[in-house]
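Student: Hi, could we look through this one together? I'd like to start with a residue and who its neighbours are.
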Amino acid sequence: MTNMEYEALCERIDRLLSEKETAAVSIDGDSCAGKTTLAAMLSERYGVDVIHMDDFYLPLFLRTPERYKEPGGNVHRERFLLEVVPHLHDGAAFSYGILSTADFQIHEFRRIGASRLRIVEGSYSQHPSLRENYDLTVFLKASEKEQRDRVVKRNGEEKLNDFLNRWIPLEKAYHKAFCVEENADLII
């Protein structure tokens, strides 16, 4: 992402905040495209907490072949709708559960401070069941080479095949099924 693209995004957010009492922004896109990094930059600039879709992994009871066949089915949207969506525009502080990948239970909660701006980052954040709750949607793109290099750097060489053969294809199927990139307000 260039500095010009980042500043253009911030101008859009500033405009939203000048026009509305609250605003919710979603950052979705390719695996390892920089969604978390961009969210962290926006968090620092605007002094807000970030809501991470990675906190909404599927619990064991939903990990079925049928669920994984659904485009975007590998995230717990139902819990996101209950724990986060009601707070995207209320401005008040709230908390939501973080699903542990060790035992697939909720042991911790993430506190999101009171704010006029909410930032949601992560794959599947623009699923059709969630998309209407945002005022601005951003899609980040990454080339196959960037994805490979960043997966290895972030997760290690031993996780590369898992990403290439499972997670990236699931994301691509979700993007295609719901035209996530084409429906985004801003593509970077």
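Student: Which residues does histidine 52 touch, not counting residues up to four places away in sequence?
Tutor: Histidine 52 touches Thr36, Tyr96, Arg110 and Glu121, leaving out residues up to four places away in sequence. Contact here means heavy atoms within 4.5 Å. This is a predicted model, where local features need pLDDT of at least 70, side-chain atom pairs count only at pLDDT 80 or more, and totals for chains, interfaces and linings use all residues. Residues are numbered from 1 along each chain as its sequence is written, and side-chain values use heavy atoms, with hydrogens and water left out.
Student: Okay! Is histidine 52 buried or exposed?
Tutor: Histidine 52 has a relative accessible area of 18%, so it is buried. Buried means under 20% relative accessible area, exposed means over 50%, and partly exposed is in between (1.4 Å probe, protein chains only).
Student: And where is histidine 52 placed?
Tutor: Histidine 52 is in strand β2, residues 50-52. Strands (E, at least two residues) and helices (H or I, at least four) are DSSP runs, numbered from the N terminus.
Student: New topic: how many aromatic pairs does the structure hold?
Tutor: There are five aromatic pairs. One of them joins tyrosine 174 and phenylalanine 178, edge-to-face, at 6.1 Å centre to centre with 65° between the planes. Rings of Phe, Tyr and Trp (its six-membered ring) pair if their centres lie within 6.5 Å; planes under 30 degrees apart count as stacked, over 60 as edge-to-face and the rest as tilted.
Student: Where do tyrosine 174 and phenylalanine 178 lie?
Tutor: Both are in helix α7 (residues 160-178), four residues apart, about one turn of the helix. Tyrosine 174 is buried at 0% relative accessibility, whereas phenylalanine 178 is partly exposed at 25%.
Student: Which residues do ring pairs link into a cluster?
Tutor: Phe56, Phe80, Phe94 and Tyr96 are linked that way. Tyr96 is also one of the residues that histidine 52 touches.
Student: Where does phenylalanine 104 lie?
Tutor: Phenylalanine 104 is in the loop between β3 (94-99) and β4 (106-112). Phenylalanine 104 also has a positive phi of about 60°, though it is not a glycine.
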